[in-house]
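Try each task on your own before you read its solution.

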Amino acid sequence: MYYPAMPPQKMDKVLVLLNCFPSLHVPHHLPSSPPISSTSPSPPSPTRRALSLSIISLSTALFSIPVFSCPAASSATSITDFLDLPNSGGVKALDLRIGSGPVPDEGDQVAIHYYGRLAAKQGWRFDSTYDHKDSAGEPVPFVFTLGSGKVIAGIETAVRSMKVGGVRRVIIPPSQGYQNTTQEPIPPNIFDRQRLFTTIFNPTRLANGEGSTLGTLIFDIELVSLRNQ
């Protein structure tokens, strides 16, 4: 599926607003980190209008999420803190905590915790591994093989350069997000799953030119462990 690239100035706006996102929950057994004329004007074209609405939606999303504190108001966090990950197709990352463990290799089995949010739905959190509990009530990490292609490209790209114990926030553009409804991670709740995919793959909104922002994802990822294969 083809997605037009998000204009740089619009991505800059997203990055500035992301300063008000809450950080990933860090388990108690790990040290927590601070958040880093008279002539009538012609009507706008459908594509321009769609892009404008998309940015408004992103702005609303990022400001409407409840937060404990806003780094933008208390620190010098800026756009430049986010880095373009090399050969990522536009994935941007901000390390909230640098891990002290090893970096995974292609083919390793990795375990991560994450919060996943959809920018086009006012920052709606569509899934979190902290909601996936085992029989003892403990959160279950998401496990996958790096390079298997079963997981959305943006997550694989983010994890490749992380160290175990690290926490990273990533902005994943539509081209590196969900390309179909079988890519993982898949929300286990059927209603969340339907809402996620009917938004991302909405044919009417895609036809109106919203593809550059419609499927934009924000993930907070903690690399919990890895196992060499």
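A residue counts as buried when its relative accessible area is under 20%, and as exposed when that value is over 50%. Keep in mind that this is a predicted model.

**Exercise 1.** Decide whether tyrosine 114 and phenylalanine 142 are buried or exposed.

*Solution.* Start with tyrosine 114: its relative accessibility is 1%, so tyrosine 114 is buried. Next, phenylalanine 142 has 14% relative accessibility, so phenylalanine 142 is buried too.

**Exercise 2.** Describe how the rings of tyrosine 114 and phenylalanine 142 are arranged, and work out what their pairing ties together.

*Solution.* Two things describe a pair of aromatic rings: the distance of the centres and the angle of the planes. Here the centres are 6.1 Å apart and the planes make an angle of 85°. Planes over 60 degrees apart count as edge-to-face, and that is the label for this aromatic pair. Now locate the partners: tyrosine 114 is in strand S3 (residues 109–118) and phenylalanine 142 is in strand S5, so the pair ties together parts 28 residues apart in sequence. Finally, widen the view: ring pairs join both residues into a cluster whose members include Trp124, Phe126 and Phe219. Tryptophan 124 also has a charged neighbour, as the charged end of arginine 195 sits over its ring, 4.3 Å from the centre.

**Exercise 3.** Find out where threonine 129 lies and which residues it touches.

*Solution.* First, threonine 129 belongs to the loop between strand S4 (124–128) and S5. Its relative accessible area is 0%, so threonine 129 is buried. Leaving out residues up to four places away in sequence, threonine 129 touches Ile112, His113, Tyr114, Pro139, Val140 and Phe142.

**Exercise 4.** Which residues touch the most other members of the largest nonpolar core?

*Solution.* This core has 30 residues, and the answer is Ile155, Phe219 and Ile221. Among the elements giving two or more residues to this core are S3, S4, S5 and H4. A second, separate core has 5 residues, including Phe82 and Leu94.

How values were computed:
Residues are numbered from 1 along each chain as its sequence is written. This is a predicted model: local features need pLDDT of at least 70, side-chain atom pairs count only at pLDDT 80 or more; totals for chains, interfaces and linings use all residues. Side-chain values use heavy atoms; hydrogens and water are left out. Helices (H or I, at least four residues) and strands (E, at least two) are DSSP runs, numbered from the N terminus. Buried means under 20% relative accessible area, exposed over 50%, partly exposed in between (1.4 Å probe, protein chains only). Contact means heavy atoms within 4.5 Å. Rings of Phe, Tyr and Trp (its six-membered ring) pair if their centres lie within 6.5 Å; planes under 30 degrees apart count as stacked, over 60 as edge-to-face and the rest as tilted. A charge sits over a ring if NZ of Lys or CZ of Arg is within 6 Å of the ring centre and within 35 degrees of the ring normal. A nonpolar core is a set of buried Ala, Val, Leu, Ile, Met, Phe, Trp, Tyr and Cys residues joined through side-chain atoms within 4.5 Å.
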